[in-house]
Amino acid sequence: MCSLRDFPELRDCSLTDKNVSMALVIKRVKPEAIDYPNIVIQLKGDQNPEPLFLPTSRLTTLQQILSKFAEENFWTACDELAKFFKRNPSNLSVLMYPLGVIMRFSPRASLKVKIKARLKRMVATRPMVIDRYDITKFKDEIFCKRFKSEIHKRSSELNIDNIDSINNMWRRVQETIKETSAEVLGKPKNTKKPWFNERCEKALNQRKTFRNLYLNDPSHEENKTKYNESRKEASRTFKYEKRVYTKNILEEAEKYHNEHNTHQLYKKINTLKGGYKKYEKFLVKEDGTLITARSDIVERWKTYFEHLLNCNDPRETFTWKRTEPNLNECTIPSKQEIELQIRRLKNYKSPGEDGIQGEIMKMLDEDSLTHIHRLLTHIWEQEVLPEGWNVAVGSENLVLTDISRTKLWSSSVVRCITWHPQVTKLAIVSSHDIVYVYNRKGSEAKIKNKSQSAILSLAWRPLSIGTLAVGCEKGIFIWTIEFSNIHVRPTVNNVCKFVRDDHRYITGLSWNKMGDLLISSALTSKTMYIWNYPLETCVPLRSISSDTLNFVHWSPDNTKVFSCSTSETFRIWSTDNWTSDKWSLNNRSRVQCACWSPCSLVLLFATDSCSIINAIDFRKSDVFNGSRNYKKVAWPIVDIKSECINDKVIGGTLSDMCWDQNAQRLAITFKNSGSLVVFQTALSEAVVDCIPFCIIQGRLDEEPSAIAFQPTYEKGSLLTIGWSNGNIEYVPFEYITKPKHEPEMFGTNLFGVNNDRSISGLPSMTTTTNSLIEYLLN
């Protein structure tokens, strides 16, 4: 019986596949053998190095122009200098004073150049704002009755049993509670000067009136006298009201202190404390005196822990006994248990991202509690949490690890790798959010920015030597690193930021083939944005679903865009009129990874719940052909079920996959396997033919985190693997016979063999064959 065991393991030796008509040779080689740099990403002890602010490429070009003045090419240098600043008017302001040329021209005229660098203004991004409601109104009985009446009215109209999914159930319940809270309670009003009352406003208006009279006629002495008196009166009024307000606050704070109401006590104190105060560190000695020196504080802690840890043995001990585990079946929580847990919620605690405070939950009526009980019952039975319940403050890494196509995103040294589509440049992201750029000679640039954290995606701009888009938590950072000197590092002058408050954690970036449009998707947004890089503008596509987006892919021919959400839906867009075709998965899963064929005729994708790779063939599908009720078919081409081979788990649920530029090799990584599988592929009448090619095993301490094929490798296909310990490995697949880059349509075989056979000489895989084992048995 054939299975994954039929894959040859790629070791340090050459292999030849004799089953196909095209001879090919693969081997695991050292980087020096193919003239590529040996890359190892190392994380040093200093996790926050100082930012590198060295001269940019434009300053280097300017220095080259200025050097021509010393070479007696005065007028040529002046022309080049004028052209340079005409191309770059927004970065430098240069004033030239050619001494010696003002009176007479000399070929050795001395030149003074004053260069003033003007940095781009950094756009400050605001953190995510969580809705808070004025729960202090619950102290008034009128607001309590009104809230219960409104929530009862809205809850009675909510029929939760007719809602199809758990996400929609929770969304309806959440919207009902938040709409009622916003209508009845509203949001708390924060005033900067709460002591400013009607008396202060009257004094202020009087001062404004006399000021206008004085400005209209400054020579009038009476107006000047009245204006000065009104200023003094307004100042006295403001000071008096502020003293009265402070006195009342202190009296209320003393009252709360006597009543042991610590929450209101510190709330009143914070109103008078002002802004940030430096934290003073001090300790108290045994004799009661204060210690403020740092060395004395350290010595005091040393003495304290010496007495604490070097103590005598305890007099009383106990014997621990192993208890049997509780094997009783857990029953569904009852409505009474849910009400009890809601009553146990603490007051004055910050809400989660839904913005529902504990005090609001305690004021819910019976109908609302019934809806919550039914929702929890469905969650208990289906074992599926609504979207957002697994997202809490400080738990971003857990969510990003689950969403990201990079295996072990939170712990791997290498998080993203991507090749430039036209030149030999490789960009790598480390776990310290540093972007390393390499060329054939070695390291070219290192990009580090304090605001550039939690990097999730990278994309080189086509038709541009060194423009790189970086998707991170704050937004999109587009760096320009075009320079000839490899020791020069990019600075803030080289970055263009695309930042929106509702578009954070950029999980998908994709350029069109002309390099002028960039499409992005974010984990916190339901909308895709198309950014015009030259104009620095964006156009949002309409909200296509009720779920946030995972990633996007622009097709190589620029006619289609693939986008998938964090739920079971994905869409295929036509770039002609930007209409979309919606597809849904049946097994309550989401798309984990996807890739286009080089000719844009086939789309491969896999879900996060099974090991099957599916294909959408646009040669056979009626997508964008005008028909509305056509049958949507995704052809299963291979099933990579998990197997244990030599005590190693291979296969299972996919983590990521990539297709090479020749449509000849398909590399796949898995979530629960430390191995990487490579298929040999070819487009045929049966969508895609896939045959096992090789398995690539790492060392004991490494797993494949990120993979990418180099698009410009001429000898065949070059697979680049970023291992979890920081090693970068190249695996070349060199063809003896050069393959065709553009596959033809029906009736032509890519390998010159019989049209009724696949690339391996075996029958083509039909639509009913959905497992690798059945395929190999044929």
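**Strand pairing, burial and confidence in the model**

Leu-426 stands opposite Tyr-438 in strand E9. Residues are numbered from 1 along each chain as its sequence is written, and side-chain values use heavy atoms, with hydrogens and water left out.

The strands that hold this pair, E8 (residues 426-430) and E9 (residues 435-439), run antiparallel and are joined by 4 bridges. Strands here are DSSP runs of E with at least two residues, helices are runs of H or I with at least four, and both are numbered from the N terminus; two strands pair if DSSP finds at least two bridges between them. E8 and E9 belong to an open sheet of 4 strands, ordered E7-E8-E9-E10, with antiparallel pairing. At its edges lie E7 (414-419) and E10 (442-447), each of which pairs on one side only. From one strand to the next the twist averages 20°, taken between axes that are lines fitted to C-alpha atoms (for helices, over the stretch in contact), with angles from 0 to 180 degrees between N-to-C directions.

Another open sheet is built from 4 strands in the order E11-E12-E13-E14, again with antiparallel pairing. Its edge strands are E11 and E14 (495-498), each pairing on one side only, and the twist averages 20° from one strand to the next. Within this sheet, E13 (residues 476-480) and E14 share 4 bridges in the antiparallel sense. Ile-476 has Phe-498 of E14 as its bridge partner.

E15 pairs with E16 (residues 517-522) in the antiparallel sense over 5 bridges, and Gly-508 stands opposite Ser-521 in E16. In E15 (residues 506-511), 6 of the 6 residues are buried, so this strand is largely enclosed by the rest of the structure. Buried means under 20% relative accessible area, exposed over 50%, and partly exposed in between (1.4 Å probe, protein chains only).

Further along, Glu-729 sits in strand E35 (residues 728-735). Glu-729 is buried, at a relative accessible area of 13%, and its side chain makes a polar contact with the side chain of Trp-723 at 3.0 Å. A polar contact is a pair of N or O atoms within 3.5 Å; within protein, one must be able to donate a hydrogen and the other to accept it, and residues adjacent in sequence count only if both atoms are side-chain atoms.

As for cysteines, the structure holds 0 disulfides (pairs of cysteine sulfur atoms within 2.5 Å). Cys-690 is in no disulfide, and the nearest cysteine sulfur, that of Cys-595, is 9.9 Å away. Cys-690 is buried, with 3% relative accessible area, whereas Cys-311 counts as exposed at 52%.

Finally, confidence: the mean pLDDT of the protein chain (the predictor's confidence in each residue, from 0 to 100) is 76, and 74% of its residues reach 70 or more. Strand E1 (residues 15-16) is lowest, at a mean of 32, and E11 (residues 457-460) is highest, at 94. Over residues 10-26 the pLDDT is below 50, and beyond near neighbours in sequence this stretch has 53 contacts in the model (heavy atoms within 4.5 Å). Where pLDDT is low, the predicted coordinates should not be read in detail.

Key. Predicted model: local features only at pLDDT ≥ 70, side-chain atom pairs only at ≥ 80, totals over all residues.
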